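Open the model in your viewer and keep the selection tool ready. This tour goes stop by stop, saying what to pick and what is there.

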Amino acid sequence: MSPVSPSSDLLNRSLAAVWHPCTQMKHHEQLPLVPVARAEGLWLYGPDGSRCLDAVSSWWVNLFGHGEPRINAALRDQLDTLAHVMLAGFTHEPAVALAERLSALTGGALGHAFYASDGASATEIALKMSHHYWRNQGQTEKTGFLCLEGSYHGETLGALSVTDVAIFRDAYAPLIRDVRTVPSPDARQAAPGETAADVARRAAAGLEAALREGAGRVAALIVEPLVQCATGFAMHDPEYLRLARALCDRYGVHLICDEIAVGFGRTGSFFAHEQAGIRPDFLCLSKGITGGYLPLSVVLTTDAVFAAFYDDRTARAFLHSHSYTGNALACRAALAVLDIFVQDDVIAANRRRAQSFTARLAPLAAHPRVRHFRHLGMIWAFDVADAPADFSRRMFSAALAREILLRPIGNTVYFMPPYCLDEESGALLATRVLQALDGVLE
Ligand SMILES: *Cc1c(COP(=O)(O)O)cnc(C)c1O
């Protein structure tokens, strides 16, 4: 083993050898990488003892803080038993128990779990399964999908085709399928006197127009329930999901709920779609599922979908696979996560936690340059009016200089903290972000 490198050496080695995600590497000529040596609870620590509060849950994956002792213990135990085995033809307790418990959390409505390793592959699976379902029913012309304006469902080619974010999509446009976008129910679009539910009804009318025109060629509508996170935390009224569910039923189109970001309590209910009193035909889960420990995703679906593939003929089966499908360590981490939800009554505890943090954010919400301050469950976001060019990177740096990890999207600042944010760290977070904002806007 080589001796421990000083931190600047680590940064140089990283820039030389690691191609970092979602990054123009040249920007790192100005913007230093942040080395992390260890993490505990809300805090990331650098090799030199510097620290920052992870207010974005490490890209929305961490649920209960870093180094959660109960997840650590479950993983250590699993490591001594079974790390991984292929899931085709074989099975194991963690994969089965997790499928059963997730199904129970949907009231048994979505009783079949198909595993994969990341969010984008869950999207791929839901799209392929929906199309293949209709094909197995003899409806071979249902090859299209509908997605919302500003949608984000991942960045592999299939997922990118239902992702309406120009910066991610444009370079690859010739490679991806043409998919129809329908209006977003983004509540920020409310005209004076209009409610979020009015915006939802208007967006649903746009969806109906698209279905009336071409439902025969549409397999599914894919939505991020309640919050379109990646495109600036656009929030919408649950009424949209109720109307979309009814329209999908009426026009014979599947509803895919992508809860990769908003599942696992993030919006204040265990699943976001619960707030609309509906169930989707497909539910995509990932990110928080292992508490931020290991890559794992799952698509849950109905008996009706499962039955359409159940046949003597191999070609009617869903032959999709990934090497690490149903990884035992990842499933075990997810089981520990579900245990913690019960042991700590997390949904109720988060309600109190959210109330107190919202109160702490009052000065930010009232800031003269802040627009559309919004909050749902354990998500907070606001837009900054007349933001300077390069606002997101300047805000990132200003927050980091004050020991806060934020990753603004354009002129939208958001908080998605782990569910262990306490009074003291909430106060610190709110105060320092206000200072950082004033610093950037000065
Ligand atoms: C992050 C995300 C994805 C993609 O997940 P990856 O694990 O990054 O591939 C898909 N949909 C939504 C809503 C997401 O937030």
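Start at the ligand. One of its oxygen atoms sits 2.8 Å from a polar backbone atom of A120. This is a predicted model. Now select D258: an N or O atom of its side chain is 2.6 Å from a nitrogen atom of the ligand. Then pick K287. Here an N or O atom of the side chain lies 2.6 Å from an oxygen atom of the ligand. How much of the ligand's accessible area does the protein cover? On its own the ligand has 380 Å², and the protein covers 82% of that.

Next, show the whole shell. Select W60, D118, G119, A120, Y152, H153, G154, E224, D258, I260, A261 and K287, which surround the ligand. Colour them by class: 5 are nonpolar, 3 polar and 4 charged.

Select S58. It belongs to helix α2, residues 57–60. Its phi is positive, about 50 degrees, though S58 is not a glycine. S58 counts as partly exposed because its relative accessibility is 29%.

Go on to F264, in the loop between β10 (254–258) and β11 (282–285). F264 is not a glycine either, yet it has a positive phi of about 55 degrees. Is F264 buried or exposed? F264 is buried, since its relative accessible area is 1% and the limit for buried is under 20%.

**A buried polar contact**

Select helix α3, residues 69–79, and find Q78 in it. Q78 counts as buried, at 4% relative accessibility. The side chains of Q78 and R332 make a polar contact at 2.9 Å.

**A nonpolar patch**

Turn to the surface and pick L157, Y172 and L175. They form a nonpolar patch with about 310 Å² of accessible area together. Stay on L175, which is in the loop between α7 (166–169) and β6 (180–182). L175 counts as exposed because its relative accessibility is 57%, and exposed means over 50%.

**Salt bridges**

Side chains of opposite charge can pair when their charged atoms come close. How many salt bridges does a search of the whole structure find? It finds 23.

Select E213 and R180. They form a salt bridge, with the closest N and O atoms 3.2 Å apart. E213 is in helix α8 (residues 196–214) and R180 in strand β6, so look for distant parts of the chain, 33 residues apart. E213 is exposed, at 58% relative accessible area. R180 counts as partly exposed, at 37% relative accessibility.

Now select E208 and R250. In this salt bridge the closest N and O atoms are 3.2 Å apart. E208 lies in helix α8 and R250 in helix α9 (residues 239–251), so the pair ties together parts 42 residues apart in sequence. R250 is exposed, with a relative accessible area of 55%.

Move to E403 and R432. Their salt bridge has its closest N and O atoms 2.7 Å apart. This pair also links distant parts of the chain, 29 residues apart: E403 is in the loop between α14 (391–400) and β15 (404–405), and R432 is in helix α15 (residues 423–441). E403 is partly exposed, with a relative accessible area of 25%. R432 counts as partly exposed too, at 23% relative accessibility.

For the last stop, select D186, R188, R374 and D383. A network of salt bridges links these four residues.

Terms used. Residues are numbered from 1 along each chain as its sequence is written. This is a predicted model: local features need pLDDT of at least 70, side-chain atom pairs count only at pLDDT 80 or more; totals for chains, interfaces and linings use all residues. Side-chain values use heavy atoms; hydrogens and water are left out. A residue is near a molecule or strand if one of its heavy atoms lies within 4 Å of it. A polar contact is a pair of N or O atoms within 3.5 Å; within protein, one must be able to donate a hydrogen and the other to accept it, and residues adjacent in sequence count only if both atoms are side-chain atoms. Accessible areas come from the Shrake-Rupley method with a 1.4 Å probe; for residues, only the protein chains shown count as cover. Ala, Val, Leu, Ile, Met, Phe, Trp, Tyr, Cys and Pro count as nonpolar, Asp, Glu, Lys and Arg as charged, and the others, Gly among them, as polar. Patches are made of residues with over 30% relative accessible area and no salt bridge: like charges are joined within 9 Å, nonpolar side chains (Val, Leu, Ile, Met, Phe, Trp, Tyr) within 5 Å. A salt bridge is a side-chain nitrogen of Lys or Arg within 4 Å of a carboxyl oxygen of Asp or Glu. Helices (H or I, at least four residues) and strands (E, at least two) are DSSP runs, numbered from the N terminus. Buried means under 20% relative accessible area, exposed over 50%, partly exposed in between (1.4 Å probe, protein chains only).
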